[in-house]
Amino acid sequence: MGSFEVGRGPLQAQRQYGVTKPISTAGPTEADIRRTVELEKLLVDSGLYENKEETAKREEVLGQIDQIVKSWVRQLTRQRGYTNQMVEDANAIIFTFGSYRLGVHGPGADIDTLCVGPSYVNREDFFTILHDTLAGMEEVTELQPVPDAHVPVMKLKFNGISLDLLYASISLLVVPEDLDISNRSVLYNADEFTVRSLNGCRVADQILRLVPSVEHFRMTLRCIKFWAKRRGVYSNVTGFLGGVNWALLVARVCQLYPNAVPSMLVSRFFRVYTQWHWPNPVMLCPIEEDELGFPVWDPRKNPRDRTHHMPIITPAYPCMNSSYNVSSSTLRVMNDQFDIGNRICEEIELNKSCWSALFEPYLFFDNYKNYLQVDIFAADADDLRLWKGWVESRLRQLTLKIERDTNDMLQCHPYPNEYMDASKQCSHCAFFLGLQRKQGVRVHEGQQFDIRVTVDEFRHSVNMYMFWKPGMQIFVSHVRRRQIPSFVFPEGYKRSRPSKLTVQLKAEKCSDGVDDCECGSLGGRCKRKRFAIDDAEPKKPQKQASVSPNRLLFGSPEVANGGSGGTESTCLDMETSPDAQNSDMDLDKNSVDIVQHGSWNYLKMEEFAPTGVSKYSEAQLQQKQFEGRKDVVNDIGSSLDEEVALLEKQAEGDKNSEKTDSSGSQEVSTRLHEIATEVGLLENECLNGHGVFQNGLLEELGVWRLIPAACLYCIASC
């Protein structure tokens, strides 16, 4: 919480911050001060600041962790036969970085910590001996070592406080208590993993040195992080930006406006990055090379650096791009959000809006017509935490693969939020990705994107997880907006949308020439029906929504040994939906079973024996496939029966009315004829067993084909 002064002028801007001169050295006006106070109050009311008790608890936990690692190093020194003096001098130090070091952490946030130890205590000691020590302590819960990560880390909770603990062994026999981690000497003889571990702290310290006002930087960063989370663009792992990325972007704006207060900096933040020409890099200081020889970001020398979409360069040696995860699709999403934020800030400065408008949550499920739903299952909560972390880390690859395989014509928006269906008996969570065509590109009517092979490739990368356990499953499905499950909405509520019949009736009422009719003509409605994507959101069941809410989901875990051989001769039309209850988890391995859920039957394939022989004969499988399709068709037929009843009732009303609308009657007659045709197509589908459902439009809901071990793919028609 700070105090702000009016009119702090150019005298304070004598020092140049950053690689260019500032855009403006103007200080705040009284209106800027007032808006800053209002912004600060909103952040406090939103619960972004922790209380004194939690702050004290964090400091206490850090002190305990510091004593634990010191004791661990002394123990190893003694065991390895060093002198008593060496044992007495043996030391390790705990540093913090990330949001805690920058001073912008909130209640419940984890603490990024780094343990620096002597040269004779290596990373293997950290992940074995120290891990076992922590595992035996009552204060420690949710201990999760990740030694093969890009930056090896040990995740844990200590007395309820979440910690991400890294380790770096430096080339000193004794680590001094006053070690300056910003000095490049700590990098001597360090491997790449050690350099990455050290650079988190080194970057945080450099950021605080390179901004004109730490107080203004902190409040502005706290605001931008809050905005990014509300707008769904805060997640490094899924291809957006994480904490350090947003900190670097805010720090650069602070350099460009050295005398601005937070309300001004927030407004300038959106103004600057709305106009930024990516991939021009954001840098807080010049990129320097060193005799140590570590590679630095340089697109002139490194071809791989030229492929980066949104370079945000770290200020500590070796300078690297901190945002290499960003793809063309996620950059597009962030640019859209920058533009929206800029417009809102302009209205705030004109007193036409208030700060709360900037932090309105992003309505992800209202902004796309097509989605990929990734359902993740595990036997218990601990397994789910591990499995979910792995799958989430691979979602960025799915985005990149979709962009690659569609030549960037299909844009993919991975949403960072995860959702859980509390009604399921097994541990579950789901992620969603929005899909749409590339905007501004002319396409042929009915053009579709077949991404089955792409999703299959994603499946193989996910199932390479070395810690896979029985019960870990992944399902991928293509769903439309009207098929989004209710558990993603607050308290299970899903916003209702007008049915096509309602739109039709409104159109008929407007047919007498009412100027403010929003639904358009009947002819326009019928014309739109021929397109693959339909804006209408029917409330009652329609044929094209017949697989909702139990969509045909594709995928199952690989066999435990990662093999996929011996299953190509087995043909399955459908696999089980994850909506099936815990019976999924109880199925016998090496078997195929029918899982019953409501009126839907699904064929479930967990695994096959190495010989690829099922306990069912081919004839039995064909019979089960036929029965499954028949039940699906029956459900679709029921929805069509309901529509027929409504249309006949409408037609009867037209006959009894004094003014008969011939166009409306013709529309009813046409639709009845379409239904009769659809019923014939459905009967044919049930008999010939192609496994393809079409509603007569250019809109496929699912296509099945045989692939080894398990079927996991999706076709998205956007």
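In which sense do strand E2 and strand E5 pair, and over how many bridges? The legends below, which describe a predicted model, begin with this pairing.

**View 1. Strand E2 beside strand E5.** Strand E2, formed by residues 111-117, runs parallel to E5, and the two pair over seven bridges. Within this pairing, valine 116 has alanine 168 of E5 as its bridge partner.

**View 2. Strand E5 and its surroundings.** Strand E5 spans residues 161-169 and is mostly covered. Of the nine residues in E5, seven are buried.

**View 3. The hairpin of strands E4 and E5.** Strand E4, comprising residues 153-158, pairs with E5 in the antiparallel sense, with five bridges between them. Lysine 155 is placed opposite aspartate 164 of E5. Two residues separate E4 from E5 in this hairpin. In the turn, asparagine 159 adopts a positive phi of about 55°.

**View 4. Cysteine 319 and cysteine 285.** A disulfide is a covalent bond between the sulfur atoms of two cysteines. The model contains zero disulfides when a pair of cysteine sulfur atoms must lie within 2.5 Å to count as one. Cysteine 319 takes part in no disulfide: the nearest cysteine sulfur belongs to cysteine 285 and is 5.4 Å away. Cysteine 319 counts as buried because its relative accessibility is 3%, the cut-off for this class being under 20%.

**View 5. Cysteine 426.** Is this residue buried or exposed? Cysteine 426 has a relative accessibility of 9% and therefore counts as buried.

Terms used:
Residues are numbered from 1 along each chain as its sequence is written. This is a predicted model: local features need pLDDT of at least 70, side-chain atom pairs count only at pLDDT 80 or more; totals for chains, interfaces and linings use all residues. Side-chain values use heavy atoms; hydrogens and water are left out. Buried means under 20% relative accessible area, exposed over 50%, partly exposed in between (1.4 Å probe, protein chains only). Helices (H or I, at least four residues) and strands (E, at least two) are DSSP runs, numbered from the N terminus. Two strands pair if DSSP finds at least two bridges between them.
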